[in-house]
Amino acid sequence: MDMSHIVNEITVFMKANPLLTLAAAGVLLFLMYLRPKFFFSVLLLAAILSGVLYMILVMSSTGVSQKKKLIEKEEMPAENIVKFRYFRF
């Protein structure tokens with residue numbers, strides 16, 4: 001998963017839901033005005049958690065692609081399975 005893809009998805013969501021975006025921006029500005037220390041600590045926590053989530057997604061997608069390669073490598077064509085059926089020892 002690419003970072004530009006994530007930013008694109010966020011942009012599409014913001015354009016599709018302008019009222020929700022304005023409400024979230026208003027709440028964030030209100031928190032920044034009243035409690036700047038709390039705002040920046042929440043912002044830092046959100047940045048750290050999004051980084052951890054991104055790392056988990058990247059590692060899991062790599063594992064899934066490796067698993068697909070292994071499964072495709074192990075599979076045999078159906079005609080080979082039929083041929084082996086007749087050669088029982």
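How many aromatic pairs does the count come to? In this predicted model, the count comes to one aromatic pair. The pair is formed by Phe39 and Phe40, whose ring centres lie 5.1 Å apart with 70° between the planes, an edge-to-face arrangement. A pair of aromatic rings is described by the distance of the centres and the angle of the planes. The two partners can also be described by their accessibility. Phe39 has a relative accessible area of 11% and is therefore buried, the cut-off being under 20%. Phe40, with a relative accessible area of 47%, is partly exposed. Of the 89 residues of the protein chain, 1% count as buried.

The secondary structure of the protein chain comprises four helices and zero strands. Read from the N terminus, the order of elements is α-α-α-α. Helix H1 spans residues 3-16 and helix H2 spans residues 18-34. The axes of H1 and H2 come within 5 Å and cross at roughly 105°. Because angles of 65 to 115 degrees count as roughly perpendicular, H1 is roughly perpendicular to H2. On the H1 side, the contact is made by Phe13, Met14, Lys15 and Ala16, while H2 contributes Pro18, Leu20 and Thr21. Classified by residue type, the contact of H1 with H2 has five nonpolar residues, one polar residue and one charged residue.

Helix H1 also contains Met3. This residue is partly exposed, with a relative accessible area of 45%. Met3 and Tyr54 are separated by 51 residues in sequence, and their C-alpha atoms are 8.8 Å apart in space.

Confidence was examined along the protein chain. The average pLDDT of the chain is 79, and 78% of the residues score at least 70. Among the elements, helix H2 has the highest confidence, at a mean of 91. The lowest confidence is found in helix H4 (residues 78-85), where the mean is 53. Where pLDDT is low, the predicted coordinates should not be read in detail.

Note on methods. Residues are numbered from 1 along each chain as its sequence is written. This is a predicted model: local features need pLDDT of at least 70, side-chain atom pairs count only at pLDDT 80 or more; totals for chains, interfaces and linings use all residues. Side-chain values use heavy atoms; hydrogens and water are left out. Axes are lines fitted to C-alpha atoms, for helices over the stretch in contact, and angles run from 0 to 180 degrees between N-to-C directions. Helices (H or I, at least four residues) and strands (E, at least two) are DSSP runs, numbered from the N terminus. Angles under 35 degrees count as roughly parallel, over 145 as roughly antiparallel, 65 to 115 as roughly perpendicular and the rest as oblique. Contact means heavy atoms within 4.5 Å. Ala, Val, Leu, Ile, Met, Phe, Trp, Tyr, Cys and Pro count as nonpolar, Asp, Glu, Lys and Arg as charged, and the others, Gly among them, as polar. Rings of Phe, Tyr and Trp (its six-membered ring) pair if their centres lie within 6.5 Å; planes under 30 degrees apart count as stacked, over 60 as edge-to-face and the rest as tilted. Buried means under 20% relative accessible area, exposed over 50%, partly exposed in between (1.4 Å probe, protein chains only). pLDDT is the predictor's confidence in each residue, from 0 to 100.
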